[in-house]
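Please keep the structure in view while reading.

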Amino acid sequence: PSPSQPPPPYGQQPPSSPTPPYQQHPGQPYPGQPHPGQPHPGQPHPGQPHPGQAYPPPPYGYQQPPPALRPGIIPLRPLGVGDVIDGAIRLIRSNPKAVLGLSAIAAALGAIPVAIGQALTFDRLGGALRSGDPSALQAAGQVDFLTEYGGSLISYAVQFVAVTLLSGVLTRILGRAVFGGKITTGEAWRLTRGRVPTLFGLVAIEAAILLLPLAAVVALLYAVAVAGPGLGGFLAAMVLVMLVYMAYAAFITTRLVLAAPAAVLEKTGVMASLSRSWRLTQNSFWRLFGILLLTSILAGLVALVISVPFSFAAAFVGLLGSGGTGLQILVAVLIAIGGTVGAMITYPFQAGVYGLLYADRRMRAEAFDLVLQTAAIEQQRQGWVHASADDLWSSPAAPGQPGQG
């Protein structure tokens, strides 16, 4: 081709020049040449692949980027939603003995008080049904505060302790599982034991942040009820106030969700962990909120599917059985098994999601994936995951700088 003509596409011969004797009229193409604006015969239209090829050939020297390094439960790069969910499931599968064993203990401690309270309720209702007395059935239907809510209150208190400890231990297991390493239950507890006061401090402060405004909401609704705006006005005020409080609770929960992982892995204090979570979640609220909402829905559905058959069996036995202490024990056992199995799976799943969101935010905000990749390459060269890998998490990058390492 002449210097004024563009070179032909890669792999094609330049068009042959016309014979000299031919006289070209102005604006008329040579024989065999396309009209202006039309492609040469045999040449594909712009944007279409070459014959026999699915896509145009790549530019010279182009190479496919290598896949992200994945020594453990997640690829060492910023995570997508699927990576977070898959990593939480892989956490359970990578170390089931430690993860599910600890979760079963925490779940059983929380489920037993609720199971006892519901067994007593079913026994009272079953006795009223067997008597055939309408007045006894009406009396049994009245709510007994101690029976109905006593077990739940005790369960919440037990879960406050057990789930807090469980989240810390599981976060420590996750910190090692990112590199493909395993950790025993005893070692995980030994590494987490010093962070227990910090974890309880975090839970107490977060509870105060959420419950104090709730007390103000209750007081406001009481003042509205005393003012006597009518049932419609009271319901409208209640809906409006509760929507505002729910938005507030969602905002606070999302911004502080990374405090516990930071306290365990970075070994920071209570206020430093809260501040750390607030900084890491900056400019990523809606993404984190969506993932947390999806996690709650999935965990609730799994727990519901697992516990419903046991709850139906317990209700059938308790209401239609012959009564007695043995029957009450059977009903309590059925309810406890359903609650324990469901929570045994959902507790580590949620803890894994929280820990992986913490890792994702550090990789996005501090380029911490470069630190993890460097450590993983060195561990692969040595052929094993050393316990010193835990120290990588305890060195956060300085504010405004990329990750260190």
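Two helices, α2 (96–131) and α11 (325–366), each supply at least two residues of the lining of the largest cavity. Helices here are DSSP runs of H or I with at least four residues, and strands are runs of E with at least two, numbered from the N terminus. The model is a predicted one, in which local features need pLDDT of at least 70 and side-chain atom pairs count only at pLDDT 80 or more, while totals for chains, interfaces and linings use all residues. Residues are numbered from 1 along each chain as its sequence is written, and side-chain values use heavy atoms, with hydrogens and water left out.

A cavity is a set of points, on a 1 Å grid over the protein atoms alone, where a 1.4 Å probe fits but cannot get out; a pocket is an open set with protein on both sides within 12 Å along at least five of seven lines; and lining residues have an atom within 4 Å of a point. Grid points are joined across faces, edges and corners, and a volume is the space filled by probe spheres set on the points. The structure holds one cavity of 30 Å³ or more, and the volume of the largest cavity is about 30 Å³. A119, D123, G318, L327, Q328 and V331 line the largest cavity. With three residues, α11 gives the most to this lining. By class, the lining of the largest cavity consists of three nonpolar residues, two polar and one charged, where Ala, Val, Leu, Ile, Met, Phe, Trp, Tyr, Cys and Pro count as nonpolar, Asp, Glu, Lys and Arg as charged, and the others, Gly among them, as polar.

The largest pocket has a volume of about 1,300 Å³. Of the 33 residues that line the largest pocket, V163, V203, E206, T253 and Y354 are the closest to its centre. Two or more lining residues come from each of α4 (145–177), α6, α7, α8 (259–265), α10 and α11. Helix α4 has the largest share of the lining of the largest pocket, with eight residues. The classes in this lining are 24 nonpolar, eight polar and one charged.

How far apart are the end C-alpha atoms of helix α6? They are 47 Å apart, which agrees with the 46 Å that the 32 residues of α6 (residues 196–227) should span at 1.5 Å a residue; the expected span is 1.5 Å times one less than the number of residues. Among the residues of α6, V196, T198, L199, G201, L202, V217 and L221 are buried. The accessibility classes are buried (under 20% relative accessible area), exposed (over 50%) and partly exposed (in between), with a 1.4 Å probe and protein chains only. Just after α6, G228 takes a positive phi of about 70°.

Helix α7 (residues 231–255) includes T254. T254 has a relative accessible area of 2%, so T254 is buried. Leaving out residues up to four places away in sequence, T254 touches T281, F285, L288, F289 and L292, contact being heavy atoms within 4.5 Å.

The structure holds eight aromatic pairs. One of them joins F251 and W278, whose ring centres are 5.7 Å apart with the planes at 85°, so the pair is edge-to-face. Since F251 lies in helix α7 and W278 in helix α9 (residues 270–280), this pair ties together parts that are 27 residues apart in sequence. F251 is partly exposed at 32% relative accessible area, and W278 is partly exposed at 37%. W286 and F289 form an edge-to-face pair, at 6.1 Å centre to centre and 85° between the planes. Rings of Phe, Tyr and Trp (its six-membered ring) pair if their centres lie within 6.5 Å, and planes under 30 degrees apart count as stacked, over 60 as edge-to-face and the rest as tilted. Both W286 and F289 lie in helix α10 (residues 285–320), three residues apart, about one turn of the helix. An α-helix has 3.6 residues a turn, so residues three or four places apart point the same way. W286 counts as exposed at 66% relative accessibility, whereas F289 counts as partly exposed at 27%. One aromatic cluster is formed by F251, W278, F285, W286 and F289.

Two loop residues remain. K267, in the loop between α8 and α9, has a positive phi of about 60° although it is not a glycine. K267 counts as partly exposed, at 48% relative accessibility. A367, in the loop between α11 and α12 (368–382), is likewise not a glycine and has a positive phi of about 55°. A367 is partly exposed, with a relative accessible area of 23%.
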